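Here is a walk through one protein model, from its pockets to its aromatic pairs and backbone angles. Keep the structure open as you read.

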Amino acid sequence: MAPSRLFTRQTAKALAVAKQTLNHPTTYRTFASVSSSPVSPARNHKVVVVGGGSAGLTISHQLLRTGKFSQDDIAVVDPAEWHHYQPGWTLVGGGLKDKHELKRPLQSLVDPKLKFYPDSLAIFTPEDNTVTLGNGSKLTYDQLVVAPGIKVDLASIKGLPEAVSDAESNVSCIYTFDTVGKVFPTVQRLRAGQAIFTQPAGVVKCAGAPQKIMWLALDHWKRAGLYKAHDDASPVKIAFATGLPVMFGVPKYSAALEALRQERGVEGLFGHDLVEVDGNTAVFARPDGKDKVRRPFDLMHVVPKMDAHAFVKNSPLANEAGFVDVDDATLRHKKFANVWSAGDASSLPTSKTAAAITAQAPVLVGNLVKAMEGGESRPAYDGYTSCPLLTEYGKVMLAEFKYGGVPQETFSRVGWDQATPRRAFYHLKKDFFPWVYYKSMVKGTWGGPKGWIN
Ligand code: UQ1
């Protein structure tokens, strides 16, 4: 073929592609990112929701279900390909579920009436009602919902990233998709030795999870004849090393869990904050300038520190600690009246769980819609959250509480004390919650303790 003809054909093809691309509404961002000419004009939405996790999806769909929004009025921004049902990861660590059955393609969970931007968020400019995405394009909004969650920081513990990715090492972590698959095989592999389960000082998602995985492992070793409480000859020994001074933040459940710990012969290392994994030695920082403590282990389940995402922390929306600074009861930002937050990224002083979202989302949605119509916010969120604590295979202690560590138990109306672990709660946790989550909660039709809504 003559070179000139080839050139002509290729040129024609390139022109056709360029024309098609220019006509295609979603590809303008490609042009914006490769040229130095002014970035394409900002796209405006009535509501921009940052985050397609539990809070972001639940809120977006509850907003849509108010019937007050049309096609693309609400935008959802999240770069993740997959959405994970994270409360199920303890069950994966206990060998009860496969991590792949807990995930869905994020896009498949987003209603087509919402405008989905599969992009990261770079900059919040609340003074201008604008967010800038990772690709440089800008979105403007009337109302902004900030719910991108928090970051699980494996690198916060020296030596942890290497240890969890080393197949030979018995160090694992239920808190990430990449590391959760290693947890149960390491529990099964341990026939004797010292097991340590850690919990850091500071903020974590679901503060009960670090011990749930321990209670399941203990039960596994007990059933295998490898763990005997209060017996020096027990092949496996177990320690719970926590940066906190107690087993749990709510006195009622903390007392019940402390009684279990003592009854089951688990060593309590309180005020021990893991800072380093050094081969088969765990290194803990101690409060009040005490010397570090080194403890050898044969298996260790590590919960690393967690922190606000940098793009939130370094924004005008953050409080001192890096969380989105909202009112505890209205979920409205303390400085920017058209900004709202719920879930892990928010400053709400309660335990970070999916159950908490069931109570936060309707309050946020109600107040946001009222704000659009010029009304006042209702201070309606009481801090409700819940932690279904697996205490053994087949039993769960369903901790439910509000601000101030005050119990608020759904099943008190049938006369149950929820500090007592029960089989019915186990089936709620293992079977019902994962089902209702994808079936209803992320679609905006689940109200947690209130049952089905909308
Ligand atoms: C809940 O609604 C929920 O979401 C599906 C959970 O999953 C993570 C929970 O753990 C809890 C406790 C609730 C609250 C619901 C009831 C019925 C107590």
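By class, the lining of the second largest pocket has 15 nonpolar, nine polar and two charged residues. Here Ala, Val, Leu, Ile, Met, Phe, Trp, Tyr, Cys and Pro count as nonpolar, Asp, Glu, Lys and Arg as charged, and the others, including Gly, as polar. The model is predicted: local features need pLDDT of at least 70 and side-chain atom pairs pLDDT 80 or more, while totals for chains, interfaces and linings use all residues. Residues are numbered from 1 along each chain as its sequence is written, and side-chain values use heavy atoms, without hydrogens and water.

The volume of this second largest pocket is about 500 Å³. Of its 26 lining residues, Ala207, Gly249, Pro349, Thr350 and Ser351 are the closest to its centre. Where does the second largest pocket lie? Domain 1 (43–150 + 308–381 + 427–450) and domain 2 (160–304) both give residues to the lining, so the pocket lies between them. Those domain bounds come from an automatic or database domain assignment.

The search runs on a 1 Å grid over the protein atoms alone. A pocket is an open set of points with protein on both sides within 12 Å along at least five of seven lines; in a cavity, a 1.4 Å probe fits but cannot get out; lining residues have an atom within 4 Å of a point. Points are joined across faces, edges and corners, and a volume is the space filled by probe spheres set on them.

The whole structure holds one cavity of 30 Å³ or more. The largest cavity has a volume of about 40 Å³. Its lining includes Gly343, Asp344, Leu348, Thr350, Ser351 and Lys352. By class, that lining has three nonpolar, six polar and two charged residues.

Now the aromatic rings. Rings of Phe, Tyr and Trp (its six-membered ring) pair if their centres lie within 6.5 Å; planes under 30 degrees apart count as stacked, over 60 as edge-to-face and the rest as tilted. The count comes to 17 aromatic pairs. Tyrosine 381 and tyrosine 403 form an edge-to-face pair, 5.6 Å centre to centre with 80 degrees between the planes. Tyrosine 381 sits in the loop between α11 (354–372) and β20 (385–392), and tyrosine 403 in the loop between β21 (395–402) and β22 (406–407), so the pair ties together parts that are 22 residues apart in sequence. Helices (H or I, at least four residues) and strands (E, at least two) are DSSP runs, numbered from the N terminus.

Is tyrosine 381 buried or exposed? Tyrosine 381 counts as buried, at 3% relative accessibility. Tyrosine 403 counts as partly exposed, at 21%. Buried means under 20% relative accessible area, exposed over 50%, and partly exposed in between (1.4 Å probe, protein chains only).

Tyrosine 437 and tyrosine 438 form another edge-to-face pair: 5.1 Å centre to centre, 75 degrees between the planes. Tyrosine 437 is buried, at 1% relative accessible area. Tyrosine 438 is buried too, at 10%. Phe432, Phe433, Trp435, Trp446 and Trp452 form one aromatic cluster.

Last, the backbone. Most residues other than glycine have a negative phi. Histidine 230 has a positive phi near 55 degrees. Histidine 230 lies in the loop between α8 (209–223) and β12 (236–242) and counts as exposed at 61% relative accessibility. Leucine 331 has a positive phi of about 70 degrees. Leucine 331 lies in the loop between α10 (310–313) and β19 (339–341) and is buried, with a relative accessible area of 0%.
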